[in-house]
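Please open the model in a viewer and keep the sequence panel at hand. The stops below are to be selected in turn.

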Amino acid sequence: MGRTDLSRPLGRSGGRAEAGIPAGNAAYAELSVRWYDLLLRAVLHALPPLWSALGLPRAAGALRHYLRGNGAPYRVDAAELLALPVVRAAADTQLARWRDEALERWCAGPRAAAAYPADSGWRGVLLPRRGGTDWWLALRGVQYRLTGTVRVAADGSTSAEYRFAVHKSWNFDRSESEYGIPFTPFARLHETGLAREFTVTGEAFGHV
């Protein structure tokens, strides 16, 4: 049967215990609506149909959800997100770290089959536009967390089972901009109650 190591999970150093990064915006519907807020909202309502027609369904769906204004969680296909090269590389780095740490602990023990819990903590990854315009427009970046188990056989071979969880606080941070376009006008839609920030979630499973 082997033994199970119940000490600190592998790979946790450097990861955050909690997901979510505050944007520093005003609270929902805290500010008064101005005419330019209404104009911006009307312009943005035209983008989801256009993006869908251009083959950008994820971007269209995320913006449409923001403008819908109910603030409900929004699920994405985490398996498709994990397949992006930049995300896959980040996950593979953590999985390799798990296996290295598992072997280090295993070598210090009786060299019998063993299982080690593993947890990366929450970590961030930016999505480059070149890696996929649809995902870039939809999320720009995400936080991810890998949890699972690394098994080391009696001969020292390793395998890992993992859960890949996704989290993003979908908002327009007043302190940010993209290509010289400030996010403050877009953040105002939440702050005036014309749209609403929400949480993006998703999960996928795998083994190596």
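**Stop one: alanine 91**

Select alanine 91: apart from neighbours within four places in sequence, its contacts (heavy atoms within 4.5 Å) are with Leu82 and Leu146. The model is a predicted one, in which local features need pLDDT of at least 70 and side-chain atom pairs count only at pLDDT 80 or more, while totals for chains, interfaces and linings use all residues. Residues are numbered from 1 along each chain as its sequence is written, and side-chain values use heavy atoms, with hydrogens and water left out.

Alanine 91 belongs to helix 5, residues 85–107; helices are DSSP runs of H or I with at least four residues, strands are runs of E with at least two, and both are numbered from the N terminus. With a relative accessible area of 1%, alanine 91 is buried (buried means under 20% relative accessible area, exposed over 50% and partly exposed in between, with a 1.4 Å probe and protein chains only).

**Stop two: aspartate 119**

Next, select aspartate 119 in strand 3, residues 114–119. Is aspartate 119 buried or exposed? Its relative accessibility is 9%, so aspartate 119 counts as buried.

Show the side chain, and two polar contacts can be displayed (N or O atoms within 3.5 Å; within protein, one must be able to donate a hydrogen and the other to accept it, and residues adjacent in sequence count only if both atoms are side-chain atoms). The side chain of aspartate 119 meets that of arginine 145 at 2.7 Å, and it reaches the backbone nitrogen of glycine 121 at 2.8 Å.

**Stop three: helix 1 and helix 7**

Now select helix 1 (residues 35–45) and helix 7 (residues 184–191), which pack with their axes 10 Å apart at an angle of about 100°. Helix 1 and helix 7 are therefore roughly perpendicular, a term for angles of 65 to 115 degrees. Axes are lines fitted to C-alpha atoms over the stretch in contact, and angles run from 0 to 180 degrees between N-to-C directions.

Display the side chains where they meet: Tyr36, Asp37, Leu40, Arg41 and Leu44 come from helix 1, and Pro185, Phe186, Arg188 and Leu189 from helix 7.

Finally, colour Asp37, Leu40 and Leu44, which are buried in helix 1. Viewed down the axis, the buried residues of helix 1 fall within an arc of 65°, so they line one face; the arc is that of the directions from the helix axis to the C-beta atoms. Their cover includes helix 2 (47–53), helix 3 (57–68) and helix 7.

Conventions: Parallel < 35°, antiparallel > 145°, perpendicular 65-115°, else oblique.
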